[in-house]
Amino acid sequence: MTDNNNIVFTPQRLAKVQEMIARYPEGKQKSALLPILHIAQEQFAWMSQGVMDYVASLLHIMPVEVYEVASFYTMYHLEPVGKHVIEYCRTGPCVLMGGEEVFDHLQQKLGIKKGETTSDGLFTLKEVECLAACGWGPCFQIREKYYMHLNNQKVDEIIEELSK
Amino acid sequence: MSIKILTEHCNTPGIETFEVYRQKGGYAAVEKAVKKMTPDEVIEEVKKSGVRGRGGAGFPMGMKWSFLAKPEGVPRYLVCNADESEPGTFKDHYLMKTIPHLLIEGMIISSYALGANKSFIYVRGELMYVIHILEKAIEEAKAAGFLGKNILGSGYDLELIIQPGGGAYICGEETALLESLEGKRGNPRNKPPFPAVKGLYQSPTVVNNVESIATVSWIINNGGDAYAAVGVGKSTGTKLISASGHINKPGVYEIELGLSCDEFLNSDEYCGGVRTGHRLKAVVAGGSSVPIVPGELFLKNSNGEDRLMSYESLSDGGFVSGTMLGSGGFIAFDETACIVRNTWNFSRFYEHESCGQCSPCREGTGWMQKVLNRIEHGKGSMSDIDLLVDVAKKIEGNTICPLGDAAAWPVASAIRHFRDEFEWHIQHPLEATKAGAVYMGAVLV
């Protein structure tokens with residue numbers, strides 16, 4: 001069960017959300033849904049039903065209109081995730097640059113398989129499709145940051161840095 | 001050095017700031033357009049330039065603009081498609097992060113030409129850091145009077161909104177993008193009506209790719225005829241090519257259309273040749289959706305003539321021996337690449353990205369992925385090859401949007417040109433599934 005009482009944007013985020021809602025033409029406020037879901041994920045980490053219901057209430061739309069959108073797009077996490085979500089590109093051009101071998105190494109380094117979260121809750125490892133960085137691969141993304149030209153050594157350094 | 005229309009100043013330190021961009025002549029085209037030209041005159045220059053949509057379809061941009069319906073009292077919208085997600089393509093990503101004002105300036109002029117007072121740039125959500133760069137550029141442009149109310153005292157108002165996507169390749173299809181921009185799932189719409197008549201919020205809308213919009217400033221500064229003088233035939237101007245795979249210098253290159261494929265691949269100004277010590281096996285010339293061709297058919301057409309980097313030359317020979325320029329996502333494969341594995345990888349991409357609306361695509365992409373998966377993992381049978389061809393044929397042309405075609409073409413072309421490699425996989429399952437094992441019978445360049 002989710003305790004919905006705790007699901008409220010910080011005043012700063014709420015102001016940003018209100019500003020976003022106001023920027024679309026009158027009656028077209030639902031356009032703010034995808035951007036607001038990004039802000040929600042930034043604060044609440046994942047799309048619990050409580051979070052999605054809260055976003056629906058802000059936009060005065062039916063909760064199902066939020067569920068169907070959150071579940072269609074791949075960036076919204078429908079399950080709890082670790083502190084750092086590694087979104088690793090598995091598509092062709094990155095594979096040509098050794099992406100599969102580096103991914104195997106990353107799984108070993110973290111001691112988890114794709115889709116899993118480390119027992120300390122620090123890392124979740126997800127595979128994603130093309131991140132539009134094909135010439136700079138292999139690559140993954142953690143939140144807004146792109147990590148490119150990856151190799152085993154670089155992966156070790158990134159994980160060790162984020163584990164501190 | 002060939003002419004650089006988009007990337008001339010990309011290596012100038014500080015070019016992402018308004019100040020430096022302005023010093024390099026930026027925003028002069030906005031001044032010229034809103035002060036000295038009527039919207040129709042701007043459209044006329046873009047028409048004369050012959051510039052074609054750079055997102056992949058290659059439809060003439062000026063013509064697209066001229067289709068925009070203009071009923072009295074109904075708002076019109078310009079939406080920039082920055083949902084760059086086609087595997088092999090990362091040019092818009094590069095352009096927006098490097099020289100954001102080039103897109104902002106193009107958006108202002110294009111919006112003025114189309115009579116839009118609220119315009120959108122729909123950026124794939126993964127590029128949130130680029131969204132912040134664009135938002136900063138918009139603030140700077142607004143502070144300098146190039147955006148907002150009464151731009152440069154012309155009486156023209158424009159608000160520019162950056163909209164993040166949520167992670168979905170399908171939203172690069174323009175009607176899916178519009179659905180997404182309205183806060184819905186990215187399901188492509190049936191056409192007609194086309195967006196030019198009923199687009200965003202059921203209002204007349206133009207959707208253009210980042211690179212297309214970015215050409216507009218140069219066209220206004222130099223004239224449509226000057227732009228049309230660059231390039232070859234109906235492939236006017238320059239094109240950004242995203243180069244990846246087994247080459248010495250992956251990256252984004254601006255080429256004059258009509259450059260020879262050989263020079264693009266081998267000259268140090270561009271790809272710097274196939275990875276040193278290796279040989280070329282295959283090329284995807286325009287993003288994962290276009291037909292894959294053997295290296296020799298990328299360099300020369302079936303008559304043995306040199307192939308050029310242009311819409312016409314790359315598609316010479318149709319799907320029998322040609323391919324497409326597409327989005328300019330160039331991927332090179334050397335002899336270490338496994339065509340079966342790559343085809344399976346791409347088919348998994350399309351299965352993942354199919355929106356699920358049309359049965360041939362929803363089911364067909366999954367079937368192709370499963371069959372390719374079993375061939376790749378040593379469990380295929382010879383009849384699987386024709387099964388794949390059959391499924392691809394039944395998807396193609398039978399869906400609302402082009403994702404179905406985009407999923408079918410890589411599979412059909414891989415089998416057309418590399419059938420022996422598929423057969424080898426099926427006949428030698430133990431060998432084919434060994435780590436690093438690759439079919440050695442392919443013709444190399």
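Trainee: Of the contacts in chain A with a separation of 6 or more, what percentage is between residues 24 or more positions apart?

Mentor: That's 60%. Keep in mind that this is a predicted model.

Trainee: Okay, and which helices and strands are we talking about, in what order along chain A?

Mentor: Chain A has 7 helices and 4 strands. Starting at the N terminus, they go α-α-α-α-β-α-α-β-β-β-α.

Trainee: What are the dimensions of the box that the C-alpha atoms of chain A fill?

Mentor: Roughly 50 × 35 × 25 Å, along the principal axes. Chain A has 164 residues, and 37% of them count as buried.

Trainee: Switching to chain B. Which domains is it divided into?

Mentor: Domain 1 covers 18-228, domain 2 covers 240-334 and domain 3 covers 339-433.

Trainee: How many residues are in contact between domain 1 and domain 2 of chain B?

Mentor: On the domain 1 side there are 13, and they meet 16 residues of domain 2. The largest share of that domain 1 side is 3 residues from helix 5 of chain B, residues 91-98. By type, the domain 1 side splits into 4 nonpolar, 5 polar and 4 charged residues. Going by C-alpha atoms, the centres of these two domains of chain B are 28 Å apart.

Trainee: Back to helix 5 of chain B: how many of its residues are buried?

Mentor: 6 out of 8, which makes this helix mostly covered. The buried ones are B:Lys91, B:Asp92, B:His93, B:Tyr94, B:Leu95 and B:Met96.

Trainee: What covers those buried residues of helix 5 of chain B?

Mentor: Several elements of chain B, including helix 6 (100-114), helix 7 (128-143), strand 7 (238-245) and strand 8 (251-256).

Trainee: New topic: B:Phe333. Where is it found?

Mentor: B:Phe333 is in strand 13 of chain B, residues 329-334.

Trainee: Why does B:Phe333 count as buried?

Mentor: Because B:Phe333 has 24 other C-beta atoms within 10 Å, and 20 or more is enough to count as buried.

Trainee: Which residues does B:Phe333 touch, leaving out those up to four places away in sequence?

Mentor: In chain B, B:Phe333 touches B:Gly245, B:His246, B:Lys281, B:Ala282 and B:Asn342, and from chain A there's A:Leu96.

Trainee: And what separates the C-alpha atoms of B:Phe333 and B:His278?

Mentor: 9.8 Å, with the two residues sitting 55 residues apart along the chain.

Terms used. Residues numbered from 1 in each chain as written. Chains lettered and ligands numbered in written order. Predicted model: local features only at pLDDT ≥ 70, side-chain atom pairs only at ≥ 80, totals over all residues. Domains from an automatic or database assignment. Contact = placed C-beta atoms within 7 Å. Helix = DSSP H or I, 4+ residues; strand = E, 2+ residues; numbered from the N terminus. Nonpolar A, V, L, I, M, F, W, Y, C, P; charged D, E, K, R; others polar. Buried ≥ 20, exposed ≤ 12 C-beta atoms within 10 Å, placed from the backbone.
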